[in-house]
Amino acid sequence: MGIALDAAYILLAGATAPWWLRKKREDWPERFGRVGALPAKARPRLLIHAVSVGEVNLTRPLIDRLKGRVEPVISVTTDTGTARARALYARECPVVRYPLDASWAVRRFLDAVQPDAVALVELELWPHFVRECRRRGIPVAVVNGRLSARSFKNYRLFRFLVGRTFRSLSIAAVQDEDYAERFRAIGVAPDRVHIAGSMKWDSAEVLDRVEGA
């Protein structure tokens, strides 16, 4: 599946190049997993992934809650989100670019960051990333989990492709019962789905379980 998925990504990138080349994007080496050297680990390292500005803003209470217990590293997808994360955390923790989901970029990224656990804010599940984390024994959690009716419909349609990725989650800490039902229907084991409310970081308690998973 890995080689086939890489090939599909290449074909998709070629087909959509006229669209994504219209906008300047930064940090291409990091997008391919070339992360600069990080400080040596003194405590367990938690990778917190936030897609864009909105998710980055939600991480502040979590970082404060976990301060001194783990070493957080923030990964971000968009340019604006990366700029916001660097403004918030420049003196506190490393901010890196989340890699494209090519298998070799993911491996290079994880080799550099060396997380002990991963928290994905809201969702952002990519097959190669989750599979490589599973292969390395790195637990992956979704926190503040959301799955809209429209996204759920699309995931259900391709469940034969995405089901294993959802089943690989160690914890899904979701906002309400509607989201919980959708995560379970896609394939997350019922005992791994927890209703934690919106991002008031009651879900920080769930991350304690992930670290011990």
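**Entry 1: Asparagine 144**

I began with asparagine 144, which I found in strand E5. This is a predicted model, so I kept in mind that local features need pLDDT of at least 70. Is asparagine 144 buried or exposed? Its relative accessible area is 2%, and because buried means under 20%, asparagine 144 is buried. I then listed what asparagine 144 touches, leaving out residues up to four places away in sequence: Leu58, Glu122, Ala173, Gln175, Gly197, Ser198 and Met199.

**Entry 2: The sheet around E5**

Next I looked at the sheet. In what order do the strands of the open sheet stand? I read E3-E2-E1-E4-E5-E6-E7, 7 strands with parallel pairing. On average, neighbouring strands are turned by 25° against each other, direction ignored.

I followed the pairing on both sides of E5. Strand E4 (residues 117–121) pairs with E5 in the parallel sense through 4 bridges, and there I saw alanine 119 opposite alanine 141 of E5. I also noted a helix on this sheet: H3 (residues 53–66) packs on it and touches strand E1 (45–50), strand E2 (71–76), E4 and E5. The direction of H3 makes about 160° with that of E1.

Strand E5 (residues 140–145) also pairs with E6, again parallel and over 4 bridges. Here glycine 145 stands opposite valine 174 in E6.

I stayed with E6 (residues 171–174) and checked its side chains. Which residues of E6 point one way, and which the other? Ile171 and Ala173 share one direction, Ala172 and Val174 take the other, and all are buried. Ala173 was already in my notes as one of the residues touched by asparagine 144.

E6 and strand E7 (residues 193–195) run parallel and are joined by 3 bridges. Alanine 173 has histidine 194 as its bridge partner in E7. From E6 the chain passes through helix H9 (residues 177–186) to reach E7, and I noted this β-α-β crossover as right-handed.

**Entry 3: Helices H7 and H8**

For a helix pair I turned to H7 (residues 149–157) and H8 (residues 159–167). What angle do H7 and H8 make where they pack? It is about 105°, with the axes 6 Å apart; H7 and H8 are therefore roughly perpendicular to each other. Tyr155, Arg156 and Leu157 make the contact from H7, while Arg159, Phe160, Val162 and Phe166 make it from H8. Sorting the residues of this contact, I get 5 nonpolar, 2 charged and no polar.

**Entry 4: Arginine 108**

I then picked arginine 108, in helix H5 (residues 103–113). With 30% relative accessibility, arginine 108 counts as partly exposed. Which residues does arginine 108 contact, leaving aside neighbours within four places in sequence? They are Phe32, Gly33 and Arg34.

**Entry 5: The chain as a whole**

Last, I stepped back to the chain. I count 10 helices and 7 strands. Of the 213 residues in the chain, 46% are buried. Among contacts with a separation of 6 or more, 66% come from residues 24 or more positions apart.

Definitions and conventions
Residues are numbered from 1 along each chain as its sequence is written. This is a predicted model: local features need pLDDT of at least 70, side-chain atom pairs count only at pLDDT 80 or more; totals for chains, interfaces and linings use all residues. Side-chain values use heavy atoms; hydrogens and water are left out. Axes are lines fitted to C-alpha atoms, for helices over the stretch in contact, and angles run from 0 to 180 degrees between N-to-C directions. Helices (H or I, at least four residues) and strands (E, at least two) are DSSP runs, numbered from the N terminus. Angles under 35 degrees count as roughly parallel, over 145 as roughly antiparallel, 65 to 115 as roughly perpendicular and the rest as oblique. Contact means heavy atoms within 4.5 Å. Ala, Val, Leu, Ile, Met, Phe, Trp, Tyr, Cys and Pro count as nonpolar, Asp, Glu, Lys and Arg as charged, and the others, Gly among them, as polar. Buried means under 20% relative accessible area, exposed over 50%, partly exposed in between (1.4 Å probe, protein chains only). Two strands pair if DSSP finds at least two bridges between them. A crossover is right-handed if, with the strands pointing away from the viewer, the path from the first strand over the helix to the second runs clockwise.
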